[in-house]
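Hi,

Here is the structure I promised to pass on. Have a look at it first, and my notes on what turned up follow below.

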Amino acid sequence: MAGEAKSDGSQSGPKLPQKRFFRQRAHVNIFNDIPLEYPVRPSEEDWSKLYPAYFRPMEDSQTEQAVTEAKRPMSPMGTDDQVPQAKRGPGIAGSDSEISADRLAQVEFADIGCGYGGLLVALAPLYPNKLMVGMEIRTKVVDYLQRRIVALRGFQNDLVKRKDAGESVEWVDVRSKLKQEIDALSKPLDPETEELHDNGETDRLVPGHYENIAAMRINCQKYLPNFFNKAQLSKIFVLFADPHFKRRKHKARIISTTMLAEYAYVLRTGGIIYMITDVKDLYDWNVKHLDAFPLFERISDEELENDPAVPCVVNSTEEGKKVARNKGSKYLACYRRIEDPAEQ
């Protein structure tokens with residue numbers, strides 16, 4: 001079980017980071033001139049550092065054609081020595097689980113303000129061939145999540161080697177795992193047990209082996225278009241964002257007319273933006289701005305019942321679990337990107 005995972009200590013092999021060493025205050029001034037690395041344009045971002053199983057390294061001297069070739073995904077059944085691979089296992093999201101060997105790999109899901117990565121870890125096996133990135137401005141939090149992902153990949157690679165050696169290794173049942181985690185929210189956990197409960201799979205194989213998730217430090221309210229091309233993303237997640245209660249701080253809210261224009265730019269037609277919060281005032285603010293924006297339309301609750309990502313959005317983040325255990329309210333709204341009449 002995930003509770004048996006190794007954490008920082010004297011054991012050999014992958015080690016999961018301990019969250020208590022990576023705590024950081026929730027508020028960061030997004031308007032400060034923070035030194036960050038970002039590409040001038042999306043084509044210059046080297047995603048191989050985050051997704052070594054899907055991208056070959058880019059070199060500064062590469063031609064445009066070579067750069068394109070470097071972005072071709074490695075086959076999930078390939079024999080690349082750097083990333084031990086097993087059969088990817090069954091996803092549960094239908095055609096979203098399929099990948100073509102000659103299709104250019106690209107990030108399609110973005111978790112804006114991803115925190116400690118609960119959503120990414122939950123979504124990874126649901127969409128094993130969709131690349132998703134968590135974008136967070138807090139240094140320690142990003143450091144924690146990056147270490148967490150490296151450790152989870154290490155556990156999976158060890159399991160793959162054992163399976164290739166003939167050992168019996170179990171594949172996780174993704175739907176059952178998610179249901180068990182949701183049911184567990186009704187039970188109180190002490191902080192140490194909570195951390196182990198959240199860590200992800202360490203002794204069972206999961207579809208995708210966590211190779212499809214990554215995290216980066218970025219100020220999304222300044223540099224989002226530097227990383228993504230127009231209509232590149234199919235899902236954007238804005239979960240339990242900082243409410244910025246003071247009126248003079250409202251301009252820093254992650255949902256605003258300005259930011260919605262950028263989300264509409266990077267989100268493809270039919271793509272979805274997921275928003276959830278436990279603050280009713282922030283929910284009303286978000287819904288007001290999304291309803292008023294001409295390129296988004298709200299998705300009905302009936303349609304959301306068939307969306308496999310929604311249970312993760314509601315229940316899998318660290319903040320979402322905290323709200324559930326405190327018997328608090330959660331306010332969910334999801335909007336679809338519609339076609340721009342000016343581009344028809």
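Start with strands β4 and β5 (residues 267-277): they run parallel and are joined by six bridges. Strands here are DSSP runs of E with at least two residues, helices are runs of H or I with at least four, and both are numbered from the N terminus; two strands count as paired if DSSP finds at least two bridges between them. Across this pairing, F237 stands opposite Y274 in β5.

Before going further, a word on where this comes from: it's a predicted model, so local features need pLDDT of at least 70 and side-chain atom pairs count only at pLDDT 80 or more, while totals for chains, interfaces and linings use all residues. Residues are numbered from 1 along each chain as its sequence is written, and side-chain values use heavy atoms, with hydrogens and water left out.

Back to β4 (residues 233-239): seven of its seven residues are buried, meaning under 20% relative accessible area with a 1.4 Å probe, protein chains only (over 50% is exposed, in between is partly exposed). β4 also pairs with strand β1 (residues 107-112), again parallel, through four bridges. Together, β4, α7 and β5 form a right-handed β-α-β unit, i.e. with the strands pointing away from you, the path from the first strand over the helix to the second runs clockwise.

Now the cores. The largest nonpolar core has 45 residues, and W47, Y51, I112, M135, F228, Y263 and F296 touch the most other members. Helix α7 (residues 257-266) gives the most to this core, with five residues. (A nonpolar core is a set of buried Ala, Val, Leu, Ile, Met, Phe, Trp, Tyr and Cys residues joined through side-chain atoms within 4.5 Å.) Leaving aside residues up to four places away in sequence, W47 touches F55, V107, V133, M216, F227 and F228, where contact means heavy atoms within 4.5 Å. There's also a second, separate core of 38 residues, with L120, L126, F155 and I272 among them.

On cysteines: searching the whole structure gives zero disulfides, a disulfide being a pair of cysteine sulfur atoms within 2.5 Å. C312 counts as buried because its relative accessibility is 0%, and C334 is buried because it too sits at 0%.

For the overall picture, the chain has 11 helices and seven strands, and 52% of its 344 residues count as buried.

Cheers
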